[in-house]
Amino acid sequence: MPVQLTATEIEQWLVGRVVAYGKIQADAFTIDTPLAELGLDSVYALTLCGDIEDEFQLEVDPTIVWDHPTIRELAEGIRQRAEE
Amino acid sequence: MTAVATGVGAGTLAPVRAFDAFLGDPADDDAVISTSRSVLLDERSAFPDDEITAVTAFGLQRWYIPAAHGGALTDALVPLLMIRHLARRDFTVAAAHGKTFLGAICAWVADGSIATRMAGLVETGGPVSWGLTERGRGSDLSRSATTAQLGADAVRVDGGKWPINNAVRCRAMTVLARSDERGGPRSLSLVLVDKDEAEPATIGYEPKVASHGLRGANLAGIRFEGSVVGPDTVVGPEGHGLEIVLKSLQLTRPFTTGLSMGAVDRALQTALDAAAVPDGAHGRLLDSPTARRSLGVAVADALLVECLMLVGVRSAHAVPAEMALVSALVKFLGPDTADLLFRDLTRLLGARALVVGTETSGALHPSAFGAFQKAARDSRVVGIFDGNSVVNLNMIVNELPNQLRPAPTPPLAEVLAPLRADAHFDALDTTALRLVTRHGSRLLRSLPAFVDAVDDGRTSRAAVDAARWIGREYTALLVEAETLPRQSQPDPLAFHLAERFALVFGGACALAVHLARADSVPGPLGDSDVWLAAVLQRVANRLGADPVQAPVADALLDAAVRAHAAGSAVTLLGSWTARS
């Protein structure tokens, strides 16, 4: 993952994934809306993990999506994980 | 740490043979589990008390407890085959006793002091139940409304679970409950409610459920009204209930194939018995070409389920990080194939398949047909519990992108090693379970290599051609899966694709078992590779290819008839029955 990637850029990428998965409009939610309210149930949210691994060249535990249940928190979790 | 050792496989199954010998001949009315009594109890919807007591006295529950916690569980194939021995005699007994394995498993996954406590409970023979589902909430565990208040001094549980096997008769129950009202997947925790610890007046019950299958089982509802237990009853960390349950299901799903196989064993036994005796003016089914084809195909279906069973349990040991996908593939295709077998044999046996009770029918032992229809009804339950077929197909859909992700495939010998007859495992490594796989299933990824390996000039053309057909289907499926849109609510096409992936996986399992055990399949099935040809042709047929060829079905049926006549089960696995 490029070190200069900011949490905002990660957030924007996650917004794109959520729109694609949940088939919802980008203006229908904010980065603080719980993922569970965006048409992504708890099991399906885990598949985001694969996307995160591919996009950011990271190995993350799938439950990262559960432990960071909003886009803002998840972006921060990914950023921290990338810095480790 | 899990390890593969070789050269000790046959000795590993000694307790399984001893259990079979202990249970005795079910045709004998004095056996621990007799068919006559099983059928009678089922008709009365009565719980098999004496049978359960005897099995507990034998100590089957010790094989539910990992050796690390003082039990006998090292290689999970051992308890799996013990459950199969029970289920081929009486499915209700197997489900009622095996429930403790399910009820305890979250504690093994969570590890720590709760595992020690659970081991003590299971050791006593007290039934342990698993409280997951609730009335009106379907299969979605994240909607659980039962609450647990986790305090420093006590845990208080309120709510109810339904329908639960052993709800009333269990000594303790592992209960999934909401411990955080904010919601989300981290809002659920697991609590071990020991009925000896909670105030009895705070636990109530709902009536026994009248069911089509598992009639005699203690299926009922339980209610907790301020049930208080100690703070050391939380299974795993707070908020990790759903995670532990989903990981535990990855182990219990392949375990249910032992139940399916037991029912399938019973079905084949009845069908082969019936086919060998004249039926009035129609003569013997064994002399009818049409009936022979159906019987041969049923044997192929049974062997496919056995391959899935072996791959499922061995994968749990060897590749736990792949179980998110493997367990769903096995749990979808296993029960689906068993259901197909029962449907086909019911058609073949005609009115005899619907006979209830223990009346003598011709030359056959009384209750043979009563036992067939009981197994047919009971086995249908497998496709419903521990995640139904739709749930499993949905999991396969979600996993397809991981299967498509580029990854190196390990050498063939490494993929096959866990399936070898002399493989043996020391423990289940539950710490390596993962909620999603990184690269899908390596066994499925190895399918093209299996196909090439089997085309060695020694394997029959019939088997190689069917393997090639399935290999091409796999390649086509991968291309199709690439175009699948990723969405949280997959459309029906995605489910159809997942179903075909499962069938291709079934083909891969049969090929892997053949490549790993060709020299150790017991005769007469092991005398040739006709079983492989039949299973692969049957899988290909379900994927749209031609039906199983008559000579292939014929040859497989002949081998099965010889095995059956010699008093053996129709099996690819040696040394698990008392007669082997």
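This is a predicted model: local features need pLDDT of at least 70, side-chain atom pairs count only at pLDDT 80 or more; totals for chains, interfaces and linings use all residues.
| Pair | Geometry | Centre to centre | Angle between planes |
|---|---|---|---|
| Phe19(B) and Phe58(B) | tilted | 4.8 Å | 45 degrees |
| Tyr64(B) and Phe101(B) | edge-to-face | 5.7 Å | 70 degrees |

What does the pair of Phe19(B) and Phe58(B) tie together? Phe19(B) belongs to helix H2 (residues 14–23) of chain B and Phe58(B) to helix H4 (residues 49–58) of chain B, so the contact joins parts that are 39 residues apart in sequence. Phe19(B) is buried, at a relative accessible area of 0%, whereas Phe58(B) is partly exposed, at 25%. Both rings also belong to one aromatic cluster, which is formed by Phe19(B), Phe22(B), Phe58(B) and Trp63(B).

The pair of Tyr64(B) and Phe101(B) likewise links distant parts of the chain, 37 residues apart. Tyr64(B) lies in the loop between H4 and helix H5 (77–89) of chain B, and Phe101(B) lies in helix H6 (residues 91–110) of chain B. Is Tyr64(B) buried or exposed? Tyr64(B) is buried, with a relative accessible area of 0%. Phe101(B) is buried as well, with a value of 3%; the cut-off for buried is under 20%.

Charged groups also sit over rings in chain B. Trp63(B), a member of the aromatic cluster, has the charged end of Arg62(B) over its ring, 5.0 Å from the centre. Arg135(B) is placed over the face of Trp162(B), and the distance to the ring centre is 4.1 Å.

Note on methods
Residues are numbered from 1 along each chain as its sequence is written. Chains are lettered from A and ligands numbered from 1 in the order in which they are written. Side-chain values use heavy atoms; hydrogens and water are left out. Rings of Phe, Tyr and Trp (its six-membered ring) pair if their centres lie within 6.5 Å; planes under 30 degrees apart count as stacked, over 60 as edge-to-face and the rest as tilted. Helices (H or I, at least four residues) and strands (E, at least two) are DSSP runs, numbered from the N terminus. Buried means under 20% relative accessible area, exposed over 50%, partly exposed in between (1.4 Å probe, protein chains only). A charge sits over a ring if NZ of Lys or CZ of Arg is within 6 Å of the ring centre and within 35 degrees of the ring normal.
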